[in-house]
Amino acid sequence: MYLGLDFGTSSVKALLVDGAQRVLASASSPLAVSRPAPGHSEQDPWDWWQAMLDAVGALRAREPAAFAALRGIGLSGQMHGAVLLDAAGEVLRPCILWNDTRSTAECRELEEAFPALHEVAGNLAMPGFTAPKLLWVRKHEPGVFARTAKVLLPKAWVRYRLTGEFIEDMSDASGTLWLDVGQRDWSDAALAATGLSRDHMPRLVEGSAPGGMLRPELLREWGLSGPVVVAGSAGDNAAGAVGLGAIHPGEAFVSLGTSGVLWATTDRYAPYPKAAVHAFCHALPGLWHQMGVTLSAASCLGWWAQVAGQGEAALLAELPAIRKPSEAVFLPYLSGERTPHNDGAVRGAFAGLSMDTERAALTQAVLEGVAFSFRDCLDALAASGTVIREADVIGGGSRSRAWIGIIAAVLGIPLHVLAEGEYGGAFGGARLARLAVTGEDPAAVCTPPRRLETVMPDAELTGAYAAPLRRYRALYPAIAGSFS
């Protein structure tokens with residue numbers, strides 16, 4: 001039996017998977033985000049731990065015999081967060097999350113201090129990444145920085161609590177700006193540019209390799225005879241790719257979660273920072289990937305539901321059949337934006353409103369704005385030489401057939417809806433756990449899930465979106481700089 005744990009921003013998801021890759025049980029425990037100042041986004045790492053314990057407890061209650069046969073654990077983690085520990089391993093401050101935009105100025109400072117950053121790390125310096133966060137801490141919280149002995153990403157901190165070891169995988173480490181992504185090793189020069197060294201970093205392993213053993217006290221607490229291997233595991237999107245079987249060059253998917261990702265697997269290191277395309281290691285040896293990222297995707301609908309005072313399902317039910325674009329345009333920059341703008345300061349907006357604009361039109365505009373952001377990602381990847389002709393779709397937003405139809409029309413490519421699309425990261429974690437235990441060929445384990453439906457782009461609607469897409473793109477330069 002294998003346990004997959006997905007540490008997202010809004011919840012911790014857990015899956016118990018057997019040797020035939022059947023999901024025996026699933027559980028989820030919610031998380032909250034603290035925003036102590038504009039642009040700040042934080043979580044207490046101990047909240048992840050408690051949510052994990054709750055989710056694991058639910059699995060044990062539902063499948064006690066299967067859980068007792070557990071052999072491996074794989075982790076899927078929200079990327080880029082900075083968990084700072086002192087010499088005793090105690091957390092020094094709340095984790096600064098991936099969607100925190102406070103370190104915009106520090107991004108410029110990092111690129112000036114380390115001119116080879118783009119070549120080595122494969123990415124622009126962005127506020128969401130980990131390294132600029134440490135520069136911010138050094139400047140604004142010097143006492144905390146001075147006491148920092150280890151810097152861990154969220155799932156690496158969870159691993160530390162599970163195993164007692166400081167270990168990170170290549171895919172998650174790629175999002176720090178401290179990794180030489182082509183060489184799959186820490187860059188001493190990048191670390192020095194932020195006042196750190198290898199001593200501050202966890203040991204690196206591949207995602208499919210063993211990455212520690214479950215502590216004896218947890219074996220006893222969970223009723224396990226052991227031993228239980230904890231895999232090297234993966235950042236959330238790489239784990240999702242493993243869960244989808246996207247382990248061959250050219251395979252692609254759209255992740256419609258809290259943030260949005262357009263992923264393409266590659267067999268080489270292919271940076272394209274010019275358009276804020278991410279180039280990261282995959283969770284498996286010898287593979288890399290490119291990503292276009294929008295910082296607010298399904299979270300935009302959640303925000304709009306809160307503002308409108310309606311549930312998400314109720315808002316979606318109000319939508320007419322999508323035959324034409326909304327009269328309104330929505331910019332989904334609620335937490336800034338990455339691809340292609342790399343602008344942590346920009347904020348969202350509605351435009352094109354009139355006295356006749358109704359709530360359903362605004363709901364549709366929210367869905368379309370996220371789709372337009374994905375189109376920016378698609379075009380950025382195409383400019384880098386990566387052409388995507390079809391993609392799977394995963395994440396909580398994949399439950400909305402209307403939203404998938406809009407995205408397919410805006411992108412102009414078929415989108416495949418998958419079984420268990422909401423649990424891609426946790427399922428990928430369980431697969432990595434199995435690989436770490438058995439040493440099997442990843443191609444034999446990481447097979448694609450069943451496709452429930454293929455949503456073809458509506459040609460008429462694709463054409464109709466050309467003008468709204470132009471308006472959408474014209475709005476960004478009109479507001480850029482207004483929210484600095």
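Tyr269 sits in the loop between strand S17 (260–266) and strand S18 (278–281). This is a predicted model, in which local features need pLDDT of at least 70, side-chain atom pairs count only at pLDDT 80 or more, and totals for chains, interfaces and linings use all residues. Residues are numbered from 1 along each chain as its sequence is written, and side-chain values use heavy atoms, with hydrogens and water left out. Helices (H or I, at least four residues) and strands (E, at least two) are DSSP runs, numbered from the N terminus.

**Tyr269**

- Tyr269 is partly exposed, with a relative accessible area of 21%. Buried means under 20% relative accessible area, exposed over 50%, and partly exposed in between (1.4 Å probe, protein chains only).
- The side chain of Tyr269 reaches the backbone oxygen of Val120 at 3.3 Å. A polar atom of that side chain also lies 2.9 Å from the backbone nitrogen of Gly122.
- Leaving aside neighbours within four places in sequence, Tyr269 is in contact with residues including His118, Glu119, Val181, Gly182 and Ala279. Contact means heavy atoms within 4.5 Å.
- Trp288 is another contact of Tyr269. The two are 19 residues apart along the chain, and their C-alpha atoms are separated by 6.0 Å.

**Gln290**

- Gln290 belongs to strand S19 (residues 288–294). Gln290 is buried, with a relative accessible area of 2%.
- The side chain of Gln290 makes a polar contact with the side chain of Thr386 at 2.4 Å. A polar contact is a pair of N or O atoms within 3.5 Å; within protein, one must be able to donate a hydrogen and the other to accept it, and residues adjacent in sequence count only if both atoms are side-chain atoms.
- A polar atom of the Gln290 side chain lies 2.9 Å from the backbone oxygen of Ala270.
- Not counting residues up to four places away in sequence, Gln290 touches several others, among them Leu262, Trp263, His278, Leu381 and Ser384.

- Ser103 is in the loop between S7 and H3. Ser103 is buried, with a relative accessible area of 0%.
- Ser103 and His40 are 63 residues apart in sequence and 9.4 Å apart in space, C-alpha to C-alpha.
- Beyond its neighbours within four places in sequence, Ser103 contacts Pro127, Pro132, Lys133 and Trp136.
- Helix H5 (residues 130–140) is mostly covered, with eight of its 11 residues buried. Among them are Pro132, Lys133 and Trp136.
- The cover over the buried residues of H5 includes strand S6 (83–85), strand S7 (95–96), helix H3 (104–113), helix H6 (142–147) and strand S8 (150–152).

**Packing on helix H14**

- The axes of helix H12 (residues 298–308) and helix H14 (residues 359–383) come within 10 Å and cross at roughly 160°. H12 is therefore roughly antiparallel to H14.
- Axes are lines fitted to C-alpha atoms, for helices over the stretch in contact, and angles run from 0 to 180 degrees between N-to-C directions. Angles under 35 degrees count as roughly parallel, over 145 as roughly antiparallel, 65 to 115 as roughly perpendicular and the rest as oblique.
- In H12, Cys300, Leu301, Trp304 and Ala308 meet Arg359, Leu362, Thr363, Val366, Leu367 and Val370 in H14.
- The axes of H14 and helix H19 (residues 466–479) also come within 10 Å, crossing at roughly 85°. That makes H14 roughly perpendicular to H19.
- Gly369, Phe372, Ser373, Arg375, Asp376 and Asp379 in H14 meet Pro468, Leu469, Tyr472 and Arg473 in H19.
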